[in-house]
Amino acid sequence: MEQNDKLSRIVEARMKLKNRFGEKIKQTPSVADERPMGKGKPNRHGMPEIPVGQTETRKWPVLDLGIQPEIPLAEWQLIIDGEVEHPVTLNWDDFMALPQTEDTSDFHCVTTWSKLNMNWKGVRLLDLAALVQPKETATHILCYGYDDYTTNVSLEEALKPDVLLVHTYEGAPLPPEHGGPVRMITPQLYAWKGSKWINRIKFLKENVLGFWEERGYSNTAYPWRNDRYS
Ligand SMILES: Nc1nc2c(c(=O)[nH]1)N[C@H]1C(S)=C(S)[C@@H](COP(=O)(O)O)O[C@H]1N2
Ligand SMILES: [Mo]
């Protein structure tokens with residue numbers, strides 16, 4: 001396909017998704033809550049900078065399941081399948097040819113640390129969804145890491161503009177211990193919703209719990225409601 005055709009297909013599909021999920025997104029807590037719990041000046045979403053129960057850290061702790069997979073770029077792939085019209089398997093060049101987004105956002109770990117103003121570059125989940133076109137029946141995604149980690153996210157959260165699959169942090173390749181070559185970030189949800197070493201995004205027609213969600217972590221994981229455990 002010509003680059004221009006590709007782009008117009010993505011734009012058109014994005015508009016469709018916006019129409020379909022716009023109302024639902026407005027009802028999610030990070031948009032709808034009148035009194036989000038936390039302290040500090042408002043962040044760019046109007047939420048207090050530090051969510052309730054969190055403390056700012058300057059360091060960037062590493063959390064994993066005891067495995068840090070090493071994936072050479074030549075072997076890296078991202079499978080996007082499930083309830084979609086056009087399942088794809090992207091290699092590194094395919095991924096880097098998609099529209100790239102740079103953004104600065106905050107990172108809130110359920111273990112109570114928050115790291116602010118992290119600069120990222122990557123591809124919006126929204127743009128990946130536009131590429132594969134979720135079926136009308138799709139409601140959630142389940143993300144898989146190369147370490148066999150899984151985590152589930154509803155589409156009204158996953159399609160928000162600052163949910164990214166990032167390959168660059170502060171202008172340099174994402175370090176492997178933080179999930180490089182590519183991880184997902186979910187600034188409006190606790191950070192466990194963003195899979196490091198991401199390898200597969202499966203669109204689902206019903207919610208399926210991921211690794212931590214099965215072990216009692218919250219399905220919705222909303223920091224400004226102290227929504228840690230279910
Ligand atoms: N694949 C994978 N992704 C993961 C995890 C993991 O163990 N494996 N841990 C999660 C948790 S609990 C958090 S807080 C963040 C930690 O990211 P960091 O190690 O870069 O700080 O990644 C999340 N994504
Ligand atoms: Mo975490």
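Because the model is predicted, local features need pLDDT of at least 70 and side-chain atom pairs count only at pLDDT 80 or more, while totals for chains, interfaces and linings use all residues. Residues are numbered from 1 along each chain as its sequence is written, and chains are lettered from A and ligands numbered from 1 in the order in which they are written.

Start with the inside. In soluble globular proteins, nonpolar side chains tend to be buried together. Here, the largest nonpolar core has 37 residues, and those with the most contacts inside it are Leu125, Leu128, Ile141, Leu164, Leu165 and Val166. (A nonpolar core is a set of buried Ala, Val, Leu, Ile, Met, Phe, Trp, Tyr and Cys residues joined through C-beta atoms within 7 Å; a residue is buried if 20 or more other C-beta atoms lie within 10 Å of its own, exposed if 12 or fewer, and partly exposed in between, with C-beta atoms placed from the backbone.) Helix H4 (residues 125-132) supplies the largest share of this core, 7 residues. Helices (H or I, at least four residues) and strands (E, at least two) are DSSP runs, numbered from the N terminus. There is also a second, separate core of 11 residues, including Leu189, Trp212, Tyr217 and Ala221.

Helix H4 itself is well tucked in: 8 of its 8 residues are buried, so it is largely enclosed by the rest of the structure. One of them, Leu126, has 24 other C-beta atoms within 10 Å. Leaving aside neighbours within four places in sequence, Leu126 is in contact (C-beta atoms, placed from the backbone, within 7 Å) with Arg14, Leu17, Leu159 and Pro161.

Next up is an open sheet of 5 strands in the order S5-S4-S13-S8-S9, with mixed pairing; two strands pair if DSSP finds at least two bridges between them. Strands S5 (88-91) and S9 (150-154) stand at the edges with a single partner strand each, so one side of each has no neighbour in the sheet. Strand S8 (residues 140-145) runs antiparallel to S9, and 5 bridges join them. Across this pair, Ile141 stands opposite Val153 and Tyr144 stands opposite Thr150. The hairpin of S8 and S9 has 4 residues between the strands, and Asp148 there takes a positive phi near 70°.

What about the ligand? Ligand 1 is surrounded by 18 residues, the closest being Gly145, Tyr149, His178, Trp192 and Lys196; a residue counts as near if its C-beta atom, placed from the backbone, lies within 6 Å.

Most residues other than glycine have a negative phi, and most peptide bonds are trans. The bond from Gly180 to Pro181, however, is cis, with omega near 10°, and Pro181 sits in the loop between strand S11 (172-173) and strand S12 (183-185). Trp197, in the loop between S12 and strand S13 (198-204), has a positive phi near 45° and counts as buried, with 25 C-beta neighbours inside 10 Å. Ala221 lies in the segment after helix H6 (211-214); its phi is positive too, near 60°, and with 26 C-beta neighbours inside 10 Å, Ala221 counts as buried.

Conventions. Two residues are in contact if their C-beta atoms, placed from the backbone, lie within 7 Å.
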